[in-house]
Every structure is written in structure tokens, then in C-alpha cells.
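Below is a short briefing on one protein chain, with the sequence and structure shown first. The notes after it are grouped by topic.

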Amino acid sequence: MFATTCRKCQWIRIYLGCAFLAILMIGLRPEQAQKVAGMIPSALTIGILIMLGGSFAFYHRLKAYRAEQALARVEAEKQQ
């Protein structure tokens, strides 16, 4: 099923599947949904985690970019 789709499409399908199950669970068993909702962290905690995750990803991409640029400079110096 996932062999012919891109990675983003795979994540979207997984997200939609989870969302559908959550909506189905709320419709069928509201008391169970309330128990699950009690385990979800607060909006502030989720926001902080998103911010930290984005900062972490930015740092690693910047580090990889700088390493790539340094390698390109070394190769350019070797060619001269």
C-alpha cells in the first residue's frame, strides 16, 4: 500500500487513520475518550515540545549545511 506513495503521504495517511479512530472512539465510548483525554499533556507542554523539536531539527540541519559548505570549500581549494 505504501510502496507507491511519498513519505509525506504516508504520514498523512497515518495521521488521518489515528484521527478517524479517535473520532470513532469518542462516538462509541465517550467515557473511554474522557480517560484518554485525561492522559494528554497540556497545550503549554505540547507547545514547548514542538518548539524544542523544531529548534533541535534546525540545529542539526544547520550543522549539516555548514559541514557541506566546509567540504565544498576544501574541494574548491584542492582544485586551485
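**Briefing**

Ile-40 sits in the loop that joins H2 and H3, where helices are DSSP runs of H or I of at least four residues, strands are runs of E of at least two, and both are numbered from the N terminus. The model is predicted: local features need pLDDT of at least 70, side-chain atom pairs count only at pLDDT 80 or more, and totals for chains, interfaces and linings use all residues. Residues are numbered from 1 along each chain as its sequence is written, and side-chain values use heavy atoms, with hydrogens and water left out.

**Fold and dimensions**

- The protein has three helices and zero strands, in the order α-α-α from the N terminus.
- Its radius of gyration is 22 Å, whereas a compact globule of 80 residues would have one near 12 Å; the value is taken over C-alpha atoms, and the globule rule is 2.2 Å times the number of residues to the power 0.38.
- Along the principal axes, the C-alpha atoms fill a box of roughly 70 × 35 × 10 Å.

**Exposure and charge**

- Of the 80 residues, 4% count as buried (buried is under 20% relative accessible area, exposed over 50%, partly exposed in between, with a 1.4 Å probe and protein chains only).
- The protein exposes about 7600 Å², of which carbon and sulfur atoms supply 68%; areas come from the Shrake-Rupley method with a 1.4 Å probe, and for residues only the protein chains shown count as cover.
- The 10 positive and 4 negative charges have mean positions 9 Å apart. Lys and Arg count as positive and Asp and Glu as negative, without His and the chain ends; the charge is placed at NZ of Lys, CZ of Arg, CG of Asp or CD of Glu.

**Nonpolar patch**

- Met-25, Val-36, Met-39, Ile-40, Ile-46 and Ile-50 form a nonpolar surface patch with about 560 Å² of accessible area together.
- Helix H2 (30-39) and helix H3 (43-79) are the elements that give two or more residues to the patch.
- Patch members have over 30% relative accessible area and no salt bridge, and nonpolar side chains (Val, Leu, Ile, Met, Phe, Trp, Tyr) are joined within 5 Å, like charges within 9 Å; a salt bridge is a side-chain nitrogen of Lys or Arg within 4 Å of a carboxyl oxygen of Asp or Glu.
- Ile-40 has a relative accessible area of 51% and is therefore exposed.

**Single residues**

- Tyr-65 lies in helix H3 and is partly exposed, because its relative accessible area is 48%.
- The C-alpha atoms of Tyr-65 and Ala-19 are separated by 35 Å, with the two residues 46 apart along the chain.
- Cys-6 belongs to the segment before helix H1 (7-28) and is partly exposed, at 41% relative accessible area.
- Cys-6 and Lys-35 are 29 residues apart along the chain, and their C-alpha atoms are separated by 35 Å.
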